[in-house]
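Please keep the sequence and the structure at hand while reading.

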Amino acid sequence: MKINVKKIIALALCLTLGTSITQAQVANNSNNNLKTTKMTAKEVVEAYSIALSKGDIPTAFSYFSPNAKWHQPGNNKFSGTKTGLDAIGKMLGDMMGATQGSLAIKPAGAMMANGNFVSCPVRFSAKSGAKSVDMNGNDLYEVADGKIVQVWLFSEDQSAEDEFWK
């Protein structure tokens, strides 16, 4: 089965978070390469989320530093730090493949910012054969110079998540 990595990444990361910035503002900022307006860390993560919700992977990933680090928690085949968009995309594509596309991530509360850090409470679920996972988590983004430079994920029950990915 051939997997479309762009669609997989959009599905895997789509956070469809509520936002205070309009799609027109996001389009205006991306058309100007973010040079005319310095975005706050929260605005960067919001713009990234809007692009993902539209399935616009190039725009979504344009909010990442090329050498971004994604810290996947736990002790399973996906755990560890992934560096760069290719490595991040491959991991997410492999997760979608392992769950036959059932991995879903939805907002579970408001985004919160503290300086260069943005926290996003999420609810994630997936199925793989007879196994399933459905729990809360938190995604923490670090933004520097208008780009996401690191992402850390947290699960409410890491042992259960590890068991799911085995």
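Helices, as the word is used here, are DSSP runs of H or I with at least four residues, and they are numbered from the N terminus. The model is a predicted one, and its confidence is taken up before the remaining details.

**Confidence**
- The mean pLDDT of the protein chain is 82, with 78% of its residues at 70 or more.
- Residues 1–32 have a pLDDT below 50, although in the model this stretch has 63 contacts beyond near neighbours in sequence.
- Where pLDDT is low, the predicted coordinates should not be read in detail.

**Nonpolar core**
- The largest nonpolar core holds 39 residues, and the members that touch the most others are Val 45, Tyr 48, Phe 64, Trp 70, Tyr 141 and Ile 148.
- Elements giving two or more residues to this core include the helices H3 (41–53), H4 (57–62), H5 (85–98) and H6 (158–165), together with the strands S1 (64–72), S5 (117–128), S6 (131–144) and S7 (147–155).
- Helix H3 gives the most to this core, namely seven residues.
- In soluble globular proteins, nonpolar side chains tend to be buried together.

**Helix H5**
- H5 has 14 residues and spans 20 Å from its first C-alpha to its last, which is close to the 20 Å expected at 1.5 Å a residue.
- The buried residues of H5 are Ile 88, Gly 89, Met 91, Leu 92, Gly 93, Met 95, Met 96 and Ala 98.

**Pairing of strand S1**
- S1 and S7 run parallel and are joined by four bridges, and Lys 69 has Gln 150 in S7 as its bridge partner.
- S1 also pairs with strand S2 (residues 80–83), here in the antiparallel sense and over four bridges, and Trp 70 has Lys 82 in S2 as its bridge partner.

**Asn 76 in the loop**
- Asn 76 lies in the loop between S1 and S2, and because its relative accessible area is 12%, under the 20% cut-off, Asn 76 counts as buried.
- The side chain of Asn 76 makes a polar contact, at 2.8 Å, with the side chain of Asp 162.
- Leaving aside neighbours within four places in sequence, Asn 76 is in contact with Gln 158, Asp 162 and Trp 165.

Technical notes:
Residues numbered from 1 in each chain as written. Predicted model: local features only at pLDDT ≥ 70, side-chain atom pairs only at ≥ 80, totals over all residues. Heavy atoms only, no water. pLDDT = per-residue confidence, 0-100. Contact = heavy atoms within 4.5 Å. Core = buried A, V, L, I, M, F, W, Y, C linked by side-chain atoms within 4.5 Å. Buried < 20%, exposed > 50% of the residue type's maximum accessible area, 1.4 Å probe, protein only. Expected span 1.5 Å × (residues − 1). Pairing = 2+ DSSP bridges. Polar contact = N/O pair within 3.5 Å; in protein donor to acceptor, adjacent residues only side chain to side chain.
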